[in-house]
Amino acid sequence: MKKLIALFAVLILTVQAYSQKKIKVEEKNDGGHQALVVTIYEAGSSDVEKEWKAEMKKLGAKVSTKSDIFADDAKMNAIGDNTFDVYAKVRKAGDDAVILTVSVDLGGTYMSSAKHGKEFKAMKDMVYKFAVKITKDAIGGQLKEAEKVLSTQEKEHKSLVKDNEKLHKSIEDNEGRIQKAKEEIEQAKKDIEKNVKDQEAKSKEIEEQKKVVEGIAAKEKAVN
């Protein structure tokens with residue numbers, strides 16, 4: 001029950017927190033050039049890095065991680081026929097958030113909304129979808145764990161209900177046996193009383209019969 005209350009409290013806090021958090025991709029200056037910056041919630045840094053590498057490989061890029069994540073010769077139809085390089089940094093931001101910073105080198109110039117409107121929008125959409133997916137996947141994992149705990153608690157509750165029913169049945173059975181035993185004891189007491197009276201009556205019969213036997217014996221003895 002304590003675990004269930006704690007889980008419920010966590011879920012309430014999570015809902016309240018997410019009512020104030022919204023995944024938003026922003027353009028910011030990063031070391032003298034423009035970059036796409038997004039906050040990803042609930043996922044760990046290592047998970048974000050792993051998934052971003054996979055995303056870059058989908059674009060045909062050669063990925064290396066000497067310092068940050070470098071994707072060489074990536075290609076996206078929405079950006080054009082030419083390849084481009086992607087530099088990504090993953091930084092932890094608090095207990096439940098990771099900041100992903102993405103810079104795109106188009107070949108001598110970095111992508112920006114001012115100079116590459118169409119291309120920038122395409123990349124921004126990709127980063128946004130990535131952030132949403134990773135956040136949802138992370139929360140989905142939490143949901144599975146929470147549902148697993150809930151399932152266990154429901155089974156435990158069901159077991160407790162069965163135990164309660166068995167205990168009540170045991171009480172009813174024992175009460176029935178006790179009642180029957182009480183009735184048998186009362187009957188035995190009555191039978192004892194009757195038995196005592198029957199013994200007394202039989203003792204009188206015996207005494208009377210002894211006198212009859214003695215009389216007949218005397219009669220027999222008197223014959224010469």
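Strand β4 (residues 69–74) and strand β5 (residues 84–92) run antiparallel and are joined by four bridges. Here, strands (E, at least two residues) and helices (H or I, at least four residues) are DSSP runs numbered from the N terminus, and two strands pair if DSSP finds at least two bridges between them. Within this pair, Ala71 has Val86 of β5 as its bridge partner.

This is a predicted model, in which local features need pLDDT of at least 70, side-chain atom pairs count only at pLDDT 80 or more, and totals for chains, interfaces and linings use all residues. Residues are numbered from 1 along each chain as its sequence is written, and side-chain values use heavy atoms, with hydrogens and water left out.

The open sheet has six strands in the order β1-β2-β6-β5-β4-β3, with antiparallel pairing. Strands β1 and β3 (62–64) stand at the edges with a single partner strand each, so one side of each lacks a neighbour in the sheet.

| Strand pair | Bridges | Paired residues |
|---|---|---|
| β1 (residues 26–30) and β2 | five bridges | Asp30 and His33 |
| β4 and β5 | four bridges | Ala71 and Val86 |

The hairpin of β1 and β2 has two residues between the strands, and Gly31 takes a positive phi near 65° there. Seven of the nine residues of β2 (residues 33–41) are buried, so this strand is largely enclosed by the rest of the structure; buried means under 20% relative accessible area (1.4 Å probe, protein chains only).

How values were computed. Buried < 20%, exposed > 50% of the residue type's maximum accessible area, 1.4 Å probe, protein only.
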